[in-house]
Amino acid sequence: REEARAKLTNPPVTPTDFHMPVTVNLRANEKYDVFAAPGRSSYRAANGKAEMSTNDWVQIFGEEDGWVLEQYDISRDQMRFGYVDASVLPKDTEVQTLHWYDLPDQAVKVNISVTDDPLVSRNIIAYLNAGDTVKVLSSFGNWYYIEMTNAQGETLRGFIPQTSIDLITWDDMKG
């Protein structure tokens, strides 16, 4: 029972090559809409109903265009990375600005699934086919944090294994 409680109430350790999270105490008993990228027109998991409850831990990784990237607990078997409106943060909360890689679009070399939970459930939120292109935003341990457009034309951010891309730089493209 204690092991289950510890898993449920403690955020996981995240890879050090990603933005360092801060744990934020939000008002209890609140729920906020969560999107897979900054903006209300981006993809929303859970059949368009993804929402974060403030009754368990929430980690904030940084802010981008009025949205904060956060990871939150759904159950002992699932977490999710996503974006909530920055206005949900307590008034004096300071978070870093998110900075991403500056790379050309990358071609995926194999058919692969995209997840919003690379640490626990690896819940699938999208699929990519070999040859599809994505924007690699950052490393996250053995994963890349990527941005793509799904079949419905929505912006979606998630994680794919690093082995699914042979990363190229702007210098590589110059020849």
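**Exercise 1. The surroundings of arginine 44**

Which residues does arginine 44 touch, not counting residues up to four places away in sequence? Work out where arginine 44 sits and what its side chain is doing.

*Solution.* Keep in mind that this is a predicted model.

Step 1: list the contacts. Leaving out residues up to four places away in sequence, arginine 44 touches Asp33, Val34, Phe35, Lys49, Ala50 and Glu51.

Step 2: Arginine 44 is found in the loop between S2 and H2.

Step 3: check the cover. The cut-off for buried is under 20% relative accessible area, and arginine 44 has 18%, so it counts as buried.

Step 4: look at the side chain. It makes a polar contact of 2.7 Å with the side chain of aspartate 33. The two side chains also meet in a salt bridge, with N to O at 2.7 Å. Because arginine 44 is in the loop between strand S2 (31-33) and helix H2 (45-48) while aspartate 33 is in strand S2, the pair ties together parts that are 11 residues apart in sequence.

Step 5: turn to the partner. Aspartate 33 comes out at 31% relative accessibility, so it counts as partly exposed.

**Exercise 2. Salt bridges**

*Solution.* Step 1: get the total.

Step 1: take aspartate 77. Aspartate 77 has a relative accessible area of 44%, which means it is partly exposed.

Step 2: go on to aspartate 171. Aspartate 171 and lysine 174 are both exposed.

Step 3: Together with Ile168 and Trp170, Met173 makes a nonpolar surface patch of about 300 Å².

**Exercise 3. Putting the sheet together**

In what order do the 4 strands of the open sheet come, and is the pairing parallel or antiparallel? Then go through the strand pairs one by one.

*Solution.* Step 1: write down the order. The strands run S1-S4-S5-S6, and the pairing is antiparallel. Strand S1 (22-23) and S6 are the edge strands, each pairing on one side only.

Step 1: S1 and S4 are joined by 2 bridges and run antiparallel. Valine 22 has isoleucine 60 as its bridge partner in S4.

Step 2: move to S5 and S6. These antiparallel strands are joined by 8 bridges. Glutamate 70 stands opposite glycine 82 in S6, and a hairpin links S5 to S6 through 2 residues.

Step 3: check how covered S6 is. In strand S6 (residues 78-85), 7 of the 8 residues are buried, so the strand is mostly covered.

Step 4: With a relative accessible area of 29%, serine 75 is partly exposed. Its C-alpha atom is 23 Å from that of glycine 141, a residue 66 places away along the chain.

**Exercise 4. A glutamate in S4**

Is glutamate 64 buried or exposed? Say what surrounds it too.

*Solution.* Step 1: find the residue. Glutamate 64 lies in strand S4, residues 58-64.

Step 1: apply the cut-off. Its relative accessibility is 14%, so glutamate 64 counts as buried.

Step 2: list the neighbours. Not counting residues up to four places away in sequence, glutamate 64 touches Pro38, Tyr83, Leu98, Trp100 and Arg157.

Step 3: pick out the polar partner. The side chains of glutamate 64 and arginine 157 are joined by a polar contact of 2.8 Å.

Definitions and conventions: Residues are numbered from 1 along each chain as its sequence is written. This is a predicted model: local features need pLDDT of at least 70, side-chain atom pairs count only at pLDDT 80 or more; totals for chains, interfaces and linings use all residues. Side-chain values use heavy atoms; hydrogens and water are left out. Buried means under 20% relative accessible area, exposed over 50%, partly exposed in between (1.4 Å probe, protein chains only). A polar contact is a pair of N or O atoms within 3.5 Å; within protein, one must be able to donate a hydrogen and the other to accept it, and residues adjacent in sequence count only if both atoms are side-chain atoms. Contact means heavy atoms within 4.5 Å. A salt bridge is a side-chain nitrogen of Lys or Arg within 4 Å of a carboxyl oxygen of Asp or Glu. Patches are made of residues with over 30% relative accessible area and no salt bridge: like charges are joined within 9 Å, nonpolar side chains (Val, Leu, Ile, Met, Phe, Trp, Tyr) within 5 Å. Accessible areas come from the Shrake-Rupley method with a 1.4 Å probe; for residues, only the protein chains shown count as cover. Two strands pair if DSSP finds at least two bridges between them.
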